[in-house]
Amino acid sequence: MNLLHFVTDFFGRSGQWHGYDGIPQRLAEHLEYSLLALLLAAAVALPVGLVTGHTGRGGNALAMLATAGRALPSFGLLVLLFTVMGLGLAPVMIPLVVLAVPPILVTTYEAVRSVDRAPVDAARGMGMGPARVLFQVELPVALPLILSGLRSAAVQIVSTATIAAYVSFGGLGRYIIDGLYQRDYTKVVGGAVLVAALALATLGLFRLAARFAVSPGVRRS
Amino acid sequence: MDEFFRMPSDLQHSYLGLVGWHLEEALVPVLAGLLLSLPLAQLCVRFPRLYPPVLWTTTVLYAVPSLAFFVLLIDWTGQSEVTVMIPLALYSLVVLVPAIVDGVRSVPEETHAAATAMGFGPLRRYLQVELPIAVPAVFAGLRVATVSSISLVSVGALIGNQGALGNLLADAMSYHRPELAVTSVATTALLAVAADALLVLCRRLLTPWSPDRRRRTAAPRPAAVPAAPAVEEAR
């Protein structure tokens with residue numbers, strides 16, 4: 001119950017809802033970093049995943065790439081790039097993109113590759129070219145899995161964008177890092193609860209997106 | 001080369017000491033996660049209605065950011081190793097439970113029936129038939145869990161220097177020694193890749209019946225690949 005006390009204390013503080021250190025501002029920053037990183041990662045990983053999945057080649061290379069991406073510690077990469085490149089958006093974006101590319105890449109590849117061969121052959125038989133087969137048959141069928149890859153990437157980005165605050169950026173991590181240094185546990189708990197809530201909201205958002213985007217014929221349940 | 005391995009004295013650890021500490025903080029949780037998810041997965045196989053809520057719970061736990069998880073636990077466990085290890089153990093469940101469930105479910109009906117006909121009881125059937133067949137899928141999950149666990153430990157540096165190799169990062173900034181950050185990142189990545197390779201080796205040794213590497217031209221890898229989408233999906 002201790003924790004709950006900290007949370008109500010945090011949200012009840014005056015000045016918490018406006019100004020440069022207010023919750024709306026920090027939330028907007030956090031969303032900005034996260035969205036940018038997700039867009040960059042998707043721009044890299046989606047085309048590669050779609051094409052390799054369509055041709056069914058390069059699975060081992062992708063698996064190795066994914067392991068390498070997972071092996072790189074995000075927090076370490078952030079600090080390393082920050083000490084080498086100095087203050088800037090790149091040291092924050094690169095670790096987030098490296099974190100998000102493996103799940104998108106691997107799921108997209110697996111999703112497209114494991115599409116039932118029968119409709120694909122039928123589409124070919126109807127005279128569809130490779131591009132039309134990919135975008136009109138394989139992509140819609142693979143969409144639920146592709147979205148789940150994007151979802152796990154998005155959730156991980158939102159979680160990890162917290163550490164941007166360690167190299168003097170904004171975002172919700174600001175509360176956690178500042179709170180730890182100021183020995184203000186209320187602030188730390190408030191920040192942690194906010195990030196966790198945002199990550200869970202992202203999870204829910206992708207659930208919702210899957211409901212609308214996936215064609216009724218493909219939906220599994 | 002020397003400055004890469006000259007550890008600042010405030011860390012109170014040698015380089016190898018940090019490596020050992022890092023491995024302990026990363027691997028103990030995965031082991032705990034495995035021990036927890038084996039019975040949990042078996043329950044889900046036995047009572048399929050339990051599976052969706054269990055999967056949902058692990059997904060939600062996984063969505064809680066590590067730093068947030070660490071600081072929320074400080075209230076109970078203080079700024080200690082345990083605070084770092086509890087979230088890592090819980091995170092590993094999200095890959096291990098579905099991996100084990102899929103692995104055990106992939107046991108063919110005939111194999112199951114044959115074991116029963118040979119007089120295997122439930123426990124013996126589980127230990128001698130179902131688990132061995134599930135090994136490739138379980139190891140696919142273990143690999144993902146181990147690699148992410150090793151790279152996540154570093155974040156523990158933010159809660160009272162509990163990040164093992166991650167502690168080098170704070171020193172890299174405060175002493176203006178970027179080479180320490182290089183040491184930290186490179187060592188962590190190497191440990192992760194080495195652990196991954198070791199797990200692949202273990203899987204090969206545990207499943208001598210799986211197709212040989214050199215003759216694996218036409219057929220895709222038997223179980224490691226099909227397990228991947230399920231694993232990624234759950235995250």
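Tutor: Happy to! The contact takes 36 residues from chain B and 40 residues from chain A, where two residues are in contact if their C-beta atoms, placed from the backbone, lie within 7 Å. On the chain B side, H3 (51-63), H4 (66-77), H7 (122-152), H8 (167-174), H9 (178-206) and H10 (224-234) each supply at least two residues. H9(B) gives the most, with 10 residues. By class, the side of chain B that touches chain A divides into 23 nonpolar, eight polar and five charged residues. Here Ala, Val, Leu, Ile, Met, Phe, Trp, Tyr, Cys and Pro count as nonpolar, Asp, Glu, Lys and Arg as charged, and the others, Gly among them, as polar.

A word on the source: this is a predicted model, in which local features need pLDDT of at least 70 and side-chain atom pairs count only at pLDDT 80 or more, while totals for chains, interfaces and linings use all residues. Residues are numbered from 1 along each chain as its sequence is written, and chains are lettered from A and ligands numbered from 1 in the order in which they are written.

Thr83(A) counts as buried because it has 20 C-beta neighbours inside 10 Å; the cut-off for buried is 20 or more other C-beta atoms within 10 Å, with C-beta atoms placed from the backbone. Leaving aside neighbours within four places in sequence, Thr83(A) is in contact with Ala172(B), Met173(B), Pro178(B) and Ala181(B).

Now for chain B itself. Its secondary structure comes to 10 helices and zero strands; helices (H or I, at least four residues) and strands (E, at least two) are DSSP runs, numbered from the N terminus. Of the 235 residues of chain B, 45% count as buried.

H3(B), one of the helices that supply the chain A contact, also packs within its own chain. The axes of H3(B) and H5(B) (residues 81-105) come within 7 Å and cross at roughly 150°, the axes being lines fitted to C-alpha atoms over the stretch in contact, with angles from 0 to 180 degrees between N-to-C directions. That makes H3(B) roughly antiparallel to H5(B), a term for angles over 145 degrees. Among the residues that meet here are Val54(B) and Leu55(B) in H3(B), and Val94(B) and Val97(B) in H5(B). This contact has 12 nonpolar, two polar and no charged residues.

Note on methods. Buried ≥ 20, exposed ≤ 12 C-beta atoms within 10 Å, placed from the backbone. Parallel < 35°, antiparallel > 145°, perpendicular 65-115°, else oblique.
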